[in-house]
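Welcome, and thanks for opening the viewer. Could you walk me through this model, telling me what to select next and what is there?

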Protein chains: 2
Amino acid sequence: MCEANAYLCGEDGEREMVMESVDRLTVDGEVIRLVSIHGRQEALRARIRRLALLDHEILLERM
Amino acid sequence: MCEANAYLCGEDGEREMVMESVDRLTVDGEVIRLVSIHGRQEALRARIRRLALLDHEILLERM
């Protein structure tokens, strides 16, 4: 499966997982909407910093 | 493998593939940098509109 885990990254390099097994991500202005393969939904004010798909990682940062 | 194809989307819904088999994507201000699993690199002025990871899709739009 090709889902990825979404993490919020702090300026100090700390990571906090915000959602496991993300399938869909939509950028809606300053809001990022996540939907997992299990149908879980989450929305947060953030932007995408980096994707590393083979590592199953989506790195976000707060706006 | 969990790479995805990156497409640029026009306002008319048209899609143009900009890179196949993307592993890494980095957002650097208004520039998106893509690296494929084959080591191909590309940079373009765009933003992420949507990810659909199970469908292996990264949808971008021009800034």
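**Stop one: a strand and its partners**

Start by selecting Ala6(A) and Ile58(A): in β5(A), Ile58(A) is the bridge partner of Ala6(A). Please keep in mind on this tour that you are looking at a predicted model.

Now widen the selection to both strands. β1(A) and strand β5(A), residues 57–62, run parallel and are joined by four bridges.

Next, colour β1(A), residues 4–9, by burial. Six of its six residues are buried, so this strand of chain A is mostly covered. Show the side chains too: Ala4(A), Ala6(A) and Leu8(A) point one way, while Asn5(A), Tyr7(A) and Cys9(A) point the other way, and all are buried.

β2(A) pairs with β1(A) in the antiparallel sense over five bridges. To see one of the pairings, pick Cys9(A), whose bridge partner in β2(A) is Arg15(A). Then follow the chain through the hairpin of β1(A) and β2(A), with five residues between the strands.

Move to the loop between β4 (41–52) and β5 of chain A, where you will find Leu54(A). Is Leu54(A) buried or partly exposed? Leu54(A) counts as partly exposed, because its relative accessibility is 31%.

Now select Leu54(A) together with Met1(B) and Ile37(B). These residues form a nonpolar patch on the surface, and their accessible area together is about 270 Å².

Stay in this loop of chain A and select His56(A). The phi of His56(A) is positive, near 60°, in a residue other than glycine. With 27% relative accessibility, His56(A) counts as partly exposed.

Then jump to chain B and pick His56(B), in the loop between β4 (41–52) and β5 (57–62). His56(B) is not a glycine either, yet has a positive phi of about 60°. His56(B) counts as partly exposed, at 26% relative accessibility.

**Stop three: the two copies**

Finally, show both chains. How can chain B be laid on chain A? A turn of 180° and a shift of 0.0 Å along the axis do it, with an RMSD of 0.0 Å. The two copies are therefore related as by a two-fold rotation axis. Select Cys2(B) to find the C-alpha of chain B nearest the axis, 2.4 Å from it.

Last, look at where the chains meet. Of the interface residues of chain B, 100% are also interface residues in chain A, so the copies meet through the same surface.

How values were computed. Residues numbered from 1 in each chain as written. Chains lettered and ligands numbered in written order. Predicted model: local features only at pLDDT ≥ 70, side-chain atom pairs only at ≥ 80, totals over all residues. Heavy atoms only, no water. Buried < 20%, exposed > 50% of the residue type's maximum accessible area, 1.4 Å probe, protein only. Helix = DSSP H or I, 4+ residues; strand = E, 2+ residues; numbered from the N terminus. Pairing = 2+ DSSP bridges. Patch = residues over 30% accessible without salt bridge, like charges linked within 9 Å, V, L, I, M, F, W, Y side chains within 5 Å. Areas by Shrake-Rupley, 256 points an atom, 1.4 Å probe, with all protein chains shown as cover. Salt bridge = Lys/Arg side-chain N within 4 Å of Asp/Glu carboxyl O. Least-squares fit on C-alpha atoms with pLDDT ≥ 70 in both. Contact = heavy atoms within 4.5 Å.
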